[in-house]
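Hello,

Here is the structure I said I would pass on. My notes on the salt bridges follow it.

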Amino acid sequence: MSKTKAAVAKKSSRKPASKVLVGILTGSPNDLRTVVKVRDTLSALGIASEIVVASAHRTPDKVLAYIERAHQEDVQVLIGCAGMAARLAGVIAGHTRLPV
């Protein structure tokens, strides 16, 4: 596991002090370097967030399960970060009324 992936796993495994308001979904571990910057910016603004790796192509059931959990836990915004195909945000938007 690379240093970046290990740092993300370590930070993501901790329960945030406050309720998660923003769910950040990324299609691949390769995108973690980018989404960590998003999470860190939100954190600096006092906004609790979490990162989930779930691919619209390879693990669509995981994407849908996360969206369902986000609704149950009152997450307010979802961010989809994916590589070249960029399908993740569209899949998320197609299954929620939350801002994506």
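How many salt bridges does the count come to? The count comes to four. Please keep in mind that this is a predicted model.

Arg69 takes part in two of the pairs described here. With Glu50, Arg69 forms a salt bridge in which the closest N and O atoms are 3.4 Å apart. Arg69 sits in helix H3 (residues 60-72) and Glu50 in strand S2 (residues 49-53), so this pair ties together parts that are 19 residues apart in sequence. Glu50 is buried, at 19% relative accessibility, because buried means under 20% relative accessible area. Arg69 has 29% relative accessibility and counts as partly exposed.

Arg69 also forms a salt bridge with Glu73, and here the closest N and O atoms are 3.1 Å apart. Glu73 is partly exposed, its relative accessible area being 38%. Through shared partners, the salt bridges join Glu50, Arg69 and Glu73 into one network.

The remaining pair in these notes is Arg39 with Asp40. Their salt bridge has its closest N and O atoms 3.3 Å apart. Are the two residues buried or exposed? Arg39 is buried, with a relative accessible area of 10%, whereas Asp40 is partly exposed, at 34%.

Regards

Notes. Residues are numbered from 1 along each chain as its sequence is written. This is a predicted model: local features need pLDDT of at least 70, side-chain atom pairs count only at pLDDT 80 or more; totals for chains, interfaces and linings use all residues. Side-chain values use heavy atoms; hydrogens and water are left out. A salt bridge is a side-chain nitrogen of Lys or Arg within 4 Å of a carboxyl oxygen of Asp or Glu. Buried means under 20% relative accessible area, exposed over 50%, partly exposed in between (1.4 Å probe, protein chains only). Helices (H or I, at least four residues) and strands (E, at least two) are DSSP runs, numbered from the N terminus.
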